[in-house]
Amino acid sequence: MSAFNQNRSRIVQLIFIGAFVLITLQLINLQVFSTKYKMAADNNAFYRKVIYPDRGIIFDRKKRAILENTISYDLVVIPAESKGTDTLALCTLLNIDTATYKKRMRDLIFKNGSVKPSVFESLLTTENFARLNENMYRFPGFSLSERSVRSYPYDCGAALLGYTAEVDTGFLRRHKDEGYEMGDYFGTTGLENSYEKVLMGQRGIKRFIRDNKGRIQGPWEKGEFDTLAIAGKNLYSSIDVELQQLGEKLMQNKVGSIVAIDTKTGGIICMVSAPSYNPNYLTGNQRKKHLVDMMYFDPRKPLLNRAVSTTYSPGSTFKTLVGIIAMAEGVIDDQSTVSCGGSYLGCGRKMGCHAVGTFTLKPAISKSCNSYFAVAFRRILDNAKINNRDVTLGLFNEYAYSFGLGKRLGVDLPSERMGNIPTANYYQKIFGKNWQACNIISNSIGQGEITTTLTQLANVMAIIANKGWYYLPHLIDSVEGGDDYQMLARFKVKQRTKNIAESIFEEVHEGMQGTMEFGTGAAAKVPGINVCGKTGTVENAYRGESLKDHAFFGAFAPRENPRIAIAVMCENAGYGATSAAPIASLLIEKYLRDSIAGPERKAKIEQLANMNLIPPQMTRLMKKEAPIKKPVSKKKEPKA
Amino acid sequence: MNRKKNNLAVEGIDYTVIWLYGALVTIGILCVFMVEYKAGSNWIATFLGGKANYSKQLIFAGVCALLATFILLTDSKIFTAFANLSYVVGILLMLATFVLGKNINGSKSWIPLVGGFNLQPAELCKIFTSLAIAKFISRQEVDFSNLKSQLIAGLIALTPAALSILQHELGLALVYLSLLIAMFREGLPAQFLIIGSCFGILSLATLIVERDALTITLTILAGLIIFLAYRQVRKKQKLVTITAILAIWILCVGVQRFVVPYVFNNVLECYQSTRIYSMVGKDYDCSLNKKSNEKTTGKAARKPDDYNVRQSKIAIGSGGFFGRGFLKGTQTRGKYVPEQDTDFIFTSLGEAFGFVGCAIFLGLYLFFLFRIIRIAERQRSTFSRVYAYCVASILFFHIAVNVSMTIGLFPIVGITLPLISYGGSSLLTFTVLIFIMLRLDADRQMVLR
């Protein structure tokens with residue numbers, strides 16, 4: 001009986017084997033050859049929590065923190081656990097209505113699910129935090145979670161310190177391999193941007209296992225593969241925060257900028273770009289609103305750093321350089337004289353002049369005589385020894401380049417402009433091969449095609465003060481724990497101008513001191529300090545409308561042992577001596593003496609601070625925008 | 001765990017099977033433990049506490065050990081004697097569920113017992129049906145080569161299957177079909193299996209291939225066969241042959257165009273159709289389904305997705321070649337796979353021990369099945385042989401279908417992994433099933449009727 005149908009036993013066994021082989025093949029397919037399941041599993045199960053490091057702190061030259069971190073609180077909610085919350089009380093505390101509350105809850109649940117924590121209100125104000133903190137027991141499901149935000153304790157230095165912003169997709173595309181992720185913050189402008197690598201620190205990553213509803217189950221492998229967050233490195237800057245504050249105060253209601261440089265080190269002591277704003281406006285929960293206000297609705301463009309990102313014709317301050325080059329080339333000497341009858345007529349076209357008389361170099365600088373420098377400039381270009389204007393202009397430009405003009409200085413701020421020192425090539429295109437010195441005679445008094453940034457101008461003052469050498473102007477002196485990325489090395493290299501005799505600088509110093517004592521800058525004398533300065537007044541027009549002149553002032557002090565070089569400019573402020581020069585004098589006094597002496601000088605601060613020099617075309621635009629947005633009045637509000 | 005070495009009184013017991021049984025039950029408890037384990041908890045306490053599933057499973061295993069001992073100590077004549085009676089009782093119990101039934105996971109097939117335990121008669125009925133078929137085939141007056149007895153045997157197997165379908169337990173119903181394998185061994189013509197597989201292939205083709213394209217293919221195929229057959233066949237039989245081929249062609253096209261869509265739209269539930277379609281990687285439009293339309297009048301039919309299979313494949317696939325290691329499976333810990341301690345328990349194994357672990361595990365099962373076939377073939381009694389084949393068939397079907405559905409080779413039906421899945425009913429059924437076989441095997445020198 002049992003022999004019956006026995007071959008069918010084999011068939012049954014074959015069926016069994018067949019099924020198992022099929023299963024094994026599918027297992028090989030799933031487990032050995034396919035990686036997508038492993039990835040899908042990791043996506044399912046891992047929650048990577050990014051531990052954000054504190055960004056580095058920036059200190060001023062006296063080790064006072066001017067950009068640091070503070071703790072801010074987010075109100076976080078787990079919607080599924082918020083059943084018993086006293087909604088009405090919460091809404092009253094947050095000053096929202098219940099409809100908003102419901103809408104937000106709906107959005108959060110839609111975006112993030114109801115069992116995971118989501119941010120209900122971010123960056124609470126201190127008052128809101130205090131009120132909520134007392135009442136948290138009434139709001140089950142809600143909690144306060146802290147996070148580190150940037151804060152500017154001295155409310156100043158917005159333009160140079162910059163701000164951070166959340167990374168966007170464009171940024172991520174551009175910085176693919178630098179480890180940024182959605183939700184990270186990065187320095188967008190100012191020092192925050194240029195020292196991003198140093199300041200950002202290193203994020204830590206904790207891996208958690210989560211379940212099918214997204215709830216955290218605990219660390220993965222007991223945190224064996226987690227990394228710790230490493231805080232960003234601190235930076236020591238050359239800024240003097242008191243000077244910075246004073247500078248910003250003095251530049252209230254003006255459009256322009258100030259750059260002061262430590263002549264010995266090239267460190268920038270203060271850099272003001274007016275109109276300035278309280279940098280803390282760009283940290284709170286109203287950040288976006290404030291940013292939009294300033295970016296789109298303020299015609300004065302407060303977000304623009306006018307010290308490095310705008311170029312101007314330097315005006316008469318450039319005459320110092322023309323004088324130096326002419327002397328160095330030997331086309332004039334300290335005895336050469338030029339007579340001026342109120343205007344320079346040498347080029348057939350009348351060029352106005354402020355001073356009348358016969359001048360040597362020193363008084364020409366002091367009185368800012370246009371004719372003198374027009375002649376000197378022509379002599380440089382029409383140098384008989386060379387007899388080729390293309391070459392002589394090239395020579396002139398080489399001097400200018402060696403003074404840091406016509407190229408980016410390499411200040412440690414983003415978006416620095418080059419300025420312009422026009423070349424012979426350029427003029428050939430405009431005036432043809434046989435262009436004349438008279439074609440470009442405006443350049444001799446710092447107008448025409450010549451443009452510089454204010455930082456370049458301040459640097460020229462420092463070079464004159466140092467008699468031919470300088471360090472690249474910079475804001476950061478050192479990085480705590482070492483300059484790993486060699487970002488500061490170039491600031492430690494002593495730069496030299498083309499070889500210029502010391503006596504030439506002495507001459508110019510003499511002339512510049514004269515400016516302050518009996519010349520155009522007399523209004524800006526600092527009692528007891530020998531300041532060397534040079535005013536500048538630059539004609540300009542905006543869309544065909546002739547506007548008030550830009551006021552410039554460049555100076556350094558004290559003459560015997562220069563410690564500070566400064567350049568001040570006020571857009572459309574008229575004559576340089578009334579605004580720019582006194583502002584510079586106050587800053588010099590403050591820096592050298594540590595305080596402003598005497599009630600008269602103190603009154604001067606208030607007087608200058610209250611002086612309204614906002615250019616009329618901007619005022620008009622502001623009035624037009626005012627009914628829509630009020631960025632101006634907002635800036636006066638205390639920090640929320 | 002379930003070592004019956006103390007039963008020295010029992011002779012002729014196949015200890016290989018007992019060892020395999022013990023190993024599989026142990027693996028099962030460990031798998032349930034993997035699914036339920038939470039890092040940091042005191043697992044010894046919970047093991048002894050009796051609250052967690054793995055600790056319950058341990059208790060079940062103990063009960064099963066007692067029961068197995070009891071079975072081994074009985075006289076094997078009991079099983080032949082009570083085979084038919086138990087079958088009738090089993091059918092009555094299944095009918096009783098329609099009155100006393102408790103709804104668990106959408107199927108009303110459980111009878112509540114004291115102490116919170118539930119009994120699933122359809123599970124137990126597997127044993128009774130196996131006994132009944134063995135009894136029927138082993139009767140001296142039955143000649144299994146004639147059609148009548150084949151039909152009666154089929155009826156014995158299909159009655160509980162039909163009742164299971166009425167209880168919405170499609171998986172259990174399919175298990176009874178596996179008894180055809182045992183019948184095949186006893187002489188059921190192979191044509192049944194071949195025609196059955198052809199029908200299966202045709203149904204599958206209907207799902208995969210475009211409706212009209214399949215009709216055209218079938219027509220061309222029929223034409224080709226007629227063309228070839230026309231020359232081969234003698235003149236007299238030509239008409240008959242062509243008629244037969246045409247009849248088969250009409251049948252196939254009918255099945256493909258009308259029967260299969262009808263079954264999907266009118267017989268099966270929406271979720272069942274969806275599962276079958278998702279297996280071949282297609283979406284099923286539930287708005288076509290009559291049943292779902294009846295239920296949700298007015299409401300748009302909810303579109304159930306293939307979440308289970310997807311998560312199950314992810315879990316198994318993420319195990320890789322060597323697996324993540326015991327208790328280190330992230331998908332298992334995160335409870336991503338639904339029903340992971342019962343029907344989808346294979347996923348925890350696949351994730352923790354990878355391909356190597358799975359292969360070893362399946363090898364163990366295959367060895368187990370072959371061992372049972374070997375036991376079957378050494379019986380002198382037809383009853384014992386048929387019964388052993390029934391056991392092998394049921395086990396094979398459970399294993400193949402359960403594992404296949406977790407890796408996406410078979411649509412999801414509620415079928416447990418024998419001796420591994422959590423659940424008293426399932427473990428108890430298989431224990432009894434296997435140990436009756438061992439008891440019969442111990443008496444293999446006897447000829448039972």
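A: The buried residues of helix 1 of chain B pack against helix 3 (53–73), helix 15, helix 16 and helix 18 (424–442) of chain B. This is a predicted model, in which local features need pLDDT of at least 70 and side-chain atom pairs count only at pLDDT 80 or more, while totals for chains, interfaces and linings use all residues. Residues are numbered from 1 along each chain as its sequence is written, and chains are lettered from A and ligands numbered from 1 in the order in which they are written.

Helices (H or I, at least four residues) are DSSP runs, numbered from the N terminus. Helix 1 of chain B covers residues 15–36; at 1.5 Å a residue its 22 residues should span 32 Å, and its end C-alpha atoms are 32 Å apart, which agrees. The expected span is 1.5 Å times one less than the number of residues.

A residue is buried if 20 or more other C-beta atoms, placed from the backbone, lie within 10 Å of its own. Among the buried residues of helix 1 are B:Ile18, B:Tyr21, B:Leu24 and B:Val25. B:Glu36 is also buried.

Two of the helices packed against helix 1, helix 15 and helix 16, also matter for the contact with chain A. In total, 41 residues of chain B are in contact (C-beta atoms, placed from the backbone, within 7 Å) with 32 residues of chain A. Helix 8, helix 14, helix 15, helix 16 and helix 17 of chain B each supply at least two residues of that side of chain B. Helix 16 gives the most, with 10 residues.

Notes
A residue is buried if 20 or more other C-beta atoms lie within 10 Å of its own, exposed if 12 or fewer, and partly exposed in between; C-beta atoms are placed from the backbone.
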